[in-house]
Amino acid sequence: MDQTPIGKTPRSCPATYIGFWNRIRQLFAAVPQARMLGWGAGRFSFNTRGGRCDACAGQGVQRLEMSFLPDVELPCEVCHGSRFNAETRTIHYRGHDIGEVLAMSVDQARDLFHAHPAVRHPLELLQAIGLGYLTLGQASPTLSGGEAQRIKLVSELAKARTGADGRTDRPTLYVLDEPTVGLHMADVERLIGLLHRLVHAGHSLLVIEHDLDLIAAADWVIDLGPEGGADGGRVVAQGPPAQIAAAGIGHTAAALRERFAG
């Protein structure tokens, strides 16, 4: 997991990337009115004809070409950014049409779908990692690198299968390249909590990191150095963070010792 974007077009969003949007579409297709009309889950996709807004091709925005300036994207004048045509929006689930659900924040959607674990679980994971403010349909290109990285982590946590004891039946090795980049200190704390959840479920994590809080929370540290570039690349110390701090060898040990003292 690195800082690469999770999507390059407005068609990609947190709900589709993590995968719970399919379940939401199925819930709308199960509404009695939708069944009477013979509409399946495909009718509630903004990527296919029939249910989506034809004016913006389900993107919710229209591109305005500027002669000497970058193109400007404006909300679609037909669907008003909802991505769906008016007929599709006549179907309501608990008082909300499909376009309104797509525009909901994670916090709002969690309350709406509290009775459906397949939807509620990933929403709760998004809340736990500090992304409750995102909308389900927020275009992936508008996400920051830190937000995209946390969504990747949630997608893995949502797929993890655990038994009654909370352990997985498919242990996986995850490699994370500086997952704290762009994160606030409070979000780093949330990230550490989610990484511990992966470990407790039976997975293994290999994390390349410079953040002292995350290093101090690791089970085992391999400190490379003693300097950077051509003067580095050798194992200076390895072991639990407290042991490395006590040994006092290298810059990482000094930084950890200062942190533990604080």
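Select Leu74 to begin: at 40% relative accessibility this residue counts as partly exposed, because that class lies between buried, under 20% relative accessible area, and exposed, over 50% (1.4 Å probe, protein chains only). Leu74 sits in strand S2, residues 72-75, where a strand is a DSSP run of E of at least two residues and a helix a run of H or I of at least four, numbered from the N terminus. The model is predicted, so local features need pLDDT of at least 70 and side-chain atom pairs pLDDT 80 or more, while totals for chains, interfaces and linings use all residues. Residues are numbered from 1 along each chain as its sequence is written, and side-chain values use heavy atoms, without hydrogens and water.

Next, select Val207, Glu209, Ile215, Val221 and Ile222, which lie nearest the centre of the largest pocket, among the 31 residues that line it. A pocket is an open set of points on a 1 Å grid over the protein atoms alone, where a 1.4 Å probe fits, with protein on both sides within 12 Å along at least five of seven lines, and lining residues have an atom within 4 Å of a point. The space in the largest pocket is about 1,000 Å³, a volume being the space filled by probe spheres set on the points, which are joined across faces, edges and corners.

Then move to Gln59, Gly60, Gly81, Arg83 and Gly137, the closest to the centre of the second largest pocket among its 18 lining residues. The volume of the second largest pocket is about 290 Å³. Finally, select helix H4, residues 98-102, which gives the most to the lining of the second largest pocket, with three residues.
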